[in-house]
Amino acid sequence: MAEEKKLGLRSVISVSVGLVIATSCLVSLGQGAGTIGVVFIVAMVIACLLNMTTIASLSELNALMPNTTGGLAQYTLASMGPFPTLISMVGGYLLCNVLSSGVEASIFAYAMEQTFHLPIPRLAYTIIMTIILLIANLRGVDMFAKIQDLVAYLLVGSMILMGIIGALGLGTGKMVHQPMCMATNFSSVVSMTAVAFWLFIGAEYAIPISKEVKNAKKNVPLGMMLGLIIICAVQSILVLGFHNYTDWKQLADSAAPHLLYGVNLLGQPGKIWMAFVAALAVISSQNSGIQGLSSICQGMAKMNMMPQCFGKTNKNGVPYIGVWFVSIAIMIFAVISNGSTDAISFMILVGSVFWMISYILAHVDVLILRRRLPKAPRSFKSPGGGLLQIIGILGTVYMVLNISTDPAERNAIWLITIVVFAILAVYAFFWIRYKMKIPVFKSVPLEKVMAMENSMYYVVRRRRGLCK
């Protein structure tokens with residue numbers, strides 16, 4: 001008898017919201033609003049719509065290849081072959097995700113230290129939180145869902161309440177009298193979409209858990225779209241609150257704008273409340289990240305694109321090697337970014353570029369597979385006949401080219417991206433050629449990619465000497 005699926009629409013929304021609303025997003029929100037004022041909401045709406053095109057593309061790919069644990073890796077393998085798949089997944093997904101989660105943990109630790117002044121090292125907060133979430137994720141999908149649902153809704157509820165108090169001028173602090181808008185021309189607003197884009201990255205983490213979702217063909221795309229709408233609304237309310245209680249320049253320069261807003265709004269209780277929000281945010285995003293990335297590693301192991309140990313599961317059905325690997329990697333990046341606000345900001349932008357490249361590939365995958373397999377059954381098909389994908393590609397390329405308003409920082413981000421992808425290209429070539437033993441640049445038939453989900457696929461190939 002088939003295993004009963006345990007997650008519903010609520011859990012899909014909580015996963016989508018949970019990874020996206022994070023403390024690094026609060027930093028980006030403060031920087032964006034502090035730079036151009038309330039009109040940053042327009043940049044947020046544009047970025048949200050661009051992310052919706054990505055959600056539409058990924059939902060269509062998931063409908064074409066349902067219940068695949070590797071997600072984007074398997075879609076790209078079927079459309080463009082193993083070479084771009086391995087480069088994009090290791091660099092554009094795994095690396096940038098553990099990087100961003102490490103940054104999250106670092107910001108959370110900073111917020112705890114600044115709020116409570118306990119005689120313990122800042123990194124202790126990161127280590128304790130990571131160990132708790134590591135243990136929880138090793139317990140399986142039930143524990144993951146319970147944590148995610150509770151934390152995500154507490155997080156959203158707290159942010160809405162803090163935003164409404166500020167937007168309506170109900171705070172106990174002194175209101176600030178300042179212009180609504182710091183930019184009057186549309187080009188200045190559009191230039192901030194790259195900053196706003198980070199506020200919506202990650203909603204697609206519901207896709208790796210789609211095999212656990214009831215009525216996945218409806219609930220997965222709907223849950224991700226609703227998650228993005230909720231995020232945009234919540235953060236827009238917060239921007240209105242910022243205008244009333246936080247000086248724009250101080251907001252843009254702050255390493256923890258959420259704490260600054262909390263203090264200005266409600267004094268010390270507000271600061272403690274926003275520290276609580278930061279804790280919820282890191283729990284939510286890191287919980288989603290560990291679960292989603294371990295599933296992706298499991299899927300890639302099934303395709304022999306990562307060591308086979310990542311495909312092993314414990315008694316709870318959890319790919320435990322991936323859970324340990326991701327948790328340790330998060331702590332490493334937290335140590336790297338610890339104590340440096342400049343490093344945090346820079347790593348967020350680097351992670352954004354990696355993530356944007358993976359989103360571009362998702363759009364390209366849809367266009368290729370529509371042309372190659374026009375009659376293949378799809379329970380969901382994004383509307384517009386390819387127009388959404390073209391808009392998504394062009395919009396994302398624009399944001400990569402305008403990732404920073406500082407030319408030196410922008411060039412440094414591009415250089416790091418090129419170097420990382422060049423190293424991954426060399427690694428990918430030799431891994432595919434000598435480990436996987438398949439053509440490096442040839443796409444893999446869809447039915448073969450789907451067959452890789454079966455645990456016997458590589459057992460048979462190894463017996464025949466077709467792979468190592």
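Predicted model: local features only at pLDDT ≥ 70, side-chain atom pairs only at ≥ 80, totals over all residues.
## Aromatic pairs in a helical chain

Tryptophan 355 is buried, with a relative accessible area of 2%.

The structure holds 10 aromatic pairs. Tryptophan 198 belongs to the loop between α9 (193–197) and α10 (216–245), while tryptophan 355 sits in helix α15 (residues 341–372), so their pairing ties together parts 157 residues apart in sequence. Tryptophan 198 is buried too, at a relative accessible area of 5%.

Another pair brings together phenylalanine 242 and tyrosine 261: the ring centres are 5.0 Å apart and the planes lie at 80°, so this pair is edge-to-face. Here the link runs from helix α10, which holds phenylalanine 242, to helix α12 (residues 257–266), which holds tyrosine 261, and the two residues are 19 apart.

| Residue | Relative accessible area |
|---|---|
| Tryptophan 198 | 5% |
| Tryptophan 355 | 2% |
| Phenylalanine 242 | 3% |
| Tyrosine 261 | 0% |

Elsewhere, Phe429, Phe430 and Tyr434 make up one aromatic cluster. Arginine 433 lies over the face of tyrosine 434, 5.5 Å from the ring centre.

Now for the chain as a whole. The protein chain has 19 helices and 0 strands, and buried residues account for 59% of its 468 residues. Of the contacts between residues at least 6 apart in sequence, 82% join residues at least 24 apart. The exposed surface comes to about 18,200 Å², with 69% of it supplied by carbon and sulfur atoms.

Technical notes
Residues numbered from 1 in each chain as written. Heavy atoms only, no water. Helix = DSSP H or I, 4+ residues; strand = E, 2+ residues; numbered from the N terminus. Buried < 20%, exposed > 50% of the residue type's maximum accessible area, 1.4 Å probe, protein only. Contact = heavy atoms within 4.5 Å. Areas by Shrake-Rupley, 256 points an atom, 1.4 Å probe, with all protein chains shown as cover. Phe/Tyr/Trp six-rings, centres within 6.5 Å; stacked < 30°, edge-to-face > 60°. Lys NZ or Arg CZ within 6 Å of the ring centre and 35° of its normal.
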